[in-house]
Amino acid sequence: MELSATESTVKDFYLLLKPRVISLVVFTGVCGFVLAPGAFSVHPFLAIIAVLSLAIGAGASGAINMWYDRDIDSIMNRTKNRPIPSGRVPAAEGLAFAIILTLLSIMILGLALNWVAAGILAFANFFYSVIYTMWLKRHTPQNIVIGGAAGAFPPMIGWAAVTGDVSIDSVVLFAIIFFWTPPHFWALSLFANEDYKRANIPMLTVTHGERVTKIQMLIYTVILFPVCLVPVYTGLVGLDYAVVSIILNGLFLLSAIKTYFEKQGHKNARRMFAYSIFYLFAMFSGLVICSF
């Protein structure tokens, strides 16, 4: 059954928000909210407002990314069917839609919860839309390393929505995602390298080759291992979480080692990329469950 023009337009504007990508963003933000002291004293309606504001804000920054990258998205097989590069949504309308949602999400979060959380959301959106998308992505092979900070802010935003401040625990949650991001995206770049070459994006795989990329992936995966154990030392969670963390990080490290020694094809890189998504869901789920 084909969609009507109106239904198709609504769906395309929804796809502008990159719903599959922001699902992980929203999940880690919710975990940051739940882990914060006093989370269950927040009124359920305000909690919903906080989550919706985070989801809309993250989706809006993704839409700005899609608007700005429409030229290279149209070249890459992985992205050429997105709403703007495919022509289903006019670029100007996509940008206006994204800006309105950005402003609404920040204002609503600030008015309903607090301006610390709203300020972090505003900075995260600026960082992703301007620092990463418009500057880093096309100019340095460290684009993912530095730009990855934007995707690490959601648990800090969730935490601040409850407490109105930033603590060592929320910084640690930020650090877990920050160090997870490079191996996650570089695993993708290994098997999508031709796309990045065609679009002239200086991913590490393009500028330095597979071997250097795999070494860097291994280094970040090794660093991530002890970082994930810090919540035990801060008292956020107990030793049961340590067991979960060691197992999940051990498997992540094993996947990085297998990817490093892979001589032909990218079977292990694809597996590592898929596992990395599960890993982050499982890691933050473990933090929440073990905190009780």
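1. For this note, a salt bridge is a side-chain nitrogen of Lys or Arg within 4 Å of a carboxyl oxygen of Asp or Glu. Keep in mind that this is a predicted model. By that rule, the count comes to 8 salt bridges.

2. Have a look at Arg 138 and Asp 69 to begin with: they form a salt bridge, and their closest N and O atoms are 3.0 Å apart. The pair links distant parts of the chain, 69 residues apart. Arg 138 sits in the loop between helix H6 (115–136) and helix H7 (143–147), while Asp 69 is in the loop between helix H3 (44–68) and helix H4 (70–73).

3. The two ends of that pair have their own accessibility classes. Asp 69 is buried, at a relative accessible area of 0%, whereas Arg 138 is partly exposed at 25%.

4. Arg 138 also forms a salt bridge with Asp 71, with 2.9 Å between the closest N and O atoms. Here too distant parts of the chain are linked: Asp 71 belongs to helix H4, Arg 138 to the loop between H6 and H7, and they are 67 residues apart. Asp 71 counts as partly exposed, with 39% relative accessibility.

5. Over in helix H10 (residues 193–198), Glu 194 and Lys 197 lie 3 residues apart, about one turn of the helix. They form a salt bridge whose closest N and O atoms are 3.8 Å apart. Lys 197 is partly exposed, at 43% relative accessibility.

Definitions and conventions
Residues numbered from 1 in each chain as written. Predicted model: local features only at pLDDT ≥ 70, side-chain atom pairs only at ≥ 80, totals over all residues. Heavy atoms only, no water. Helix = DSSP H or I, 4+ residues; strand = E, 2+ residues; numbered from the N terminus. Buried < 20%, exposed > 50% of the residue type's maximum accessible area, 1.4 Å probe, protein only.
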